[in-house]
Amino acid sequence: PTNFEEETWAKLKSAINAIFLKQPDSCDLEKLYQAVNDLCLHRMGGSLYQRIEKECEARISAALRSLVGQSPDLVVFLSLVEKCWQDLCDQMLMIRGIALYLDRTYVKQTPNVRSLWDMGLQLFCKHLSLAPEVEHKTVTGLLRMIESERLGEAVDRTLLNHLLKMFTALGIYSESFEKPFLERTSEFYAAEGMKYMQQSDVPDYLKHVEMRLNEENERCLLYLDALTRKPLIATAERQLLERHIPAILDKGFMMLMDGHRIEDLQRMYSLFSRVNALESLRQALSSYIRRTGQSIVMDEEKDKDMVSSLLEFKASLDSILEESFSKNEAFCNTIKDSFEHLINLRQNRPAELIAKFLDEKLRAGNKGTSEEELEGTLDKVLVLFRFIQGKDVFEAFYKKDLAKRLLLGKSASIDAEKSMISKLKTECGSQFTNKLEGMFKDIELSKEINESFKQSSQARTKLRSGIEMSVHVLTTGYWPTYPPMDVRLPHELNVYQDIFKEFYLSKYSGRRLMWQNSLGHCVLKADFSKGKKELAVSLFQTVVLMLFNDAQKLSFQDIKDSTGIEDKELRRTLQSLACGKVRVLQKLPKGRDVEDDDSFIFNEGFTAPLYRIKVHLFAISSHGG
């Protein structure tokens with residue numbers, strides 16, 4: 001019919017108006033759908049599209065204009081915008097439902113024509129830009145809401161979510177919203193970072209930063225576009241963390257390390273790794289170790305505790321490395337380098353003290369220490385040993401102490417001794433431990449020699465009963481060098497030495513025996529008026545005391561002539577017998593030092609609670625007995 005197009009359009013127009021006015025329409029959907037089909041079949045799709053577009057534009061522009069000058073309350077205003085947007089979406093969906101055939105035929109076949117849905121979005125976008133006050137007020141409202149949320153207020157997140165989805169659908173999210181949003185975020189956290197850094201201590205500040213980063217992350221899940229996450233987190237990290245790295249380290253690193261604050265240090269490490277600041281943290285660690293370690297190594301008054309303090313310090317650093325710094329390799333090397341620097345700050349002294357510490361641990365008398373604990377301690381000390389540059393210094397002290405332990409039978413455990421030597425061998429090669437191993441062989445061999453001496457015909461036929469003697473035969477090259485010291489031995493001991501020498505050389509011809517008088521020690525039986533005692537004394541003390549078997553009083557010169565002991569050593573020996581805690585002799589006149597014209601008498605009235613008494617030598621000269 002001639003007026004077919006007009007009449008059909010009139011029906012559709014009335015339906016579209018009803019949709020926009022949210023009123024029911026008299027015509028049912030089936031008929032409307034058919035009407036669109038008919039128009040498209042008669043090639044009237046183009047003019048139908050234009051008519052629908054014109055109708056929609058009038059309605060959309062009116063809806064947006066109605067928002068101008070609306071409520072000054074931003075949240076109320078945002079709800080109106082959301083309502084307007086929601087209406088448009090619903091209305092365009094209904095119109096598209098009726099005109100589906102138009103979308104499927106005319107729109108598909110014609111280039112540069114948008115689908116009805118996209119046409120609606122484009123119209124909304126166009127008229128929003130023509131009402132800049134509406135757009136500006138919407139963005140301001142969104143930013144204000146997000147800031148309120150950051151300040152701890154509860155906000156309508158669904159409203160935020162819907163409006164930001166609208167910005168995304170309209171294609172204006174990044175330009176109109178994201179740009180000002182990131183700028184505001186940067187300002188917000190710049191101010192907050194400055195304020196919090198001044199007000200709080202470092203552990204609290206780091207907790208706050210961690211909390212803020214989590215919140216921003218959550219914001220992206222709840223209402224921001226996913227693509228905002230990266231720049232948003234980076235902005236927060238830059239203002240809260242990156243800018244304050246030096247201040248955080250200055251203000252809090254030392255305190256956290258001293259307090260062994262594992263969890264706070266772990267937080268610091270993970271936050272710093274987010275902003276590539278681990279190098280600054282590593283440098284802080286390095287200077288911390290050097291500063292703290294220096295006070296351990298350089299304080300001479302604390303020398304006796306140096307090794308145990310270093311071991312404690314190292315153990316503390318190792319646990320922080322493992323639990324807080326994720327076993328980071330660079331940090332691990334920093335600890336090693338810093339320790340090497342520390343241990344070599346004072347030449348030779350740490351090497352000597354490490355040897356001394358081992359001597360204390362390996363010497364008998366560490367009650368309550370199990371084999372496992374001892375083994376663990378040796379391993380820890382070995383770590384310090386690795387850092388020593390002058391290992392020969394360590395070896396000299398270690399050898400001197402080991403000699404004492406072996407000769408006096410003072411080792412806590414021969415297994416532990418051997419274990420330590422095999423550890424040193426693994427560290428430094430057999431060249432380093434050859435002599436130490438040789439010392440053990442000498443001791444074992446000496447046991448066998450003493451056994452076979454006791455069984456020998458020389459011993460059985462020529463030795464007086466009542467004296468027992470055991471001899472350590474030491475190979476010169478293995479042991480520390482001891483200065484030769486002369487002494488005139490009492491007849492009994494001379495006889496014993498000669499018989500042993502005769503036995504030994506008959507077994508091993510071509511060897512030379514040199515007696516090391518300064519290392520000899522004896523146990524003497526002594527009769528005092530208050531009862532018998534046993535005295536554990538050095539060979540020199542023995543020689544001096546035995547003179548008093550035949551004399552009541554002797555002058556210093558008498559003793560010197562009779563014993564042939566070197567002057568300084570003799571004074572030291574007499575001092576230990578007459579001026580120390582255990583006074584077996586009495587000096588006339590009394591006094592601390594031994595003078596040339598002093599005399600000595602046997603102290604008949606000597607008493608002591610124990611039966612066996614050790615008479616300690618005074619540490620005047622540098623070699624031990």
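The axes of helix α1 (residues 4–21) and helix α2 (residues 29–41) come within 10 Å and cross at roughly 140°, the axes being lines fitted to C-alpha atoms over the stretch in contact and the angle running from 0 to 180 degrees between N-to-C directions. That makes α1 oblique to α2, a word for angles that are not under 35 degrees (roughly parallel), over 145 (roughly antiparallel) or 65 to 115 (roughly perpendicular). Phe-4, Glu-5, Thr-8, Lys-11, Leu-12 and Ala-15 of α1 meet Leu-32, Ala-35, Val-36, Asp-38 and Leu-39 of α2, where contact means heavy atoms within 4.5 Å. These residues divide into 7 nonpolar, 1 polar and 3 charged.

This is a predicted model, in which local features need pLDDT of at least 70, side-chain atom pairs count only at pLDDT 80 or more, and totals for chains, interfaces and linings use all residues. Residues are numbered from 1 along each chain as its sequence is written, and side-chain values use heavy atoms, with hydrogens and water left out.

Two residues other than glycine have a positive phi; accessibility is classed as buried (under 20% relative accessible area), exposed (over 50%) or partly exposed (in between), with a 1.4 Å probe and protein chains only.

The peptide bond from Leu-588 to Pro-589 is cis, with omega near -10°. Pro-589 lies in the loop between β4 (585–588) and β5 (599–602).

Conventions: Helix = DSSP H or I, 4+ residues; strand = E, 2+ residues; numbered from the N terminus. Nonpolar A, V, L, I, M, F, W, Y, C, P; charged D, E, K, R; others polar.
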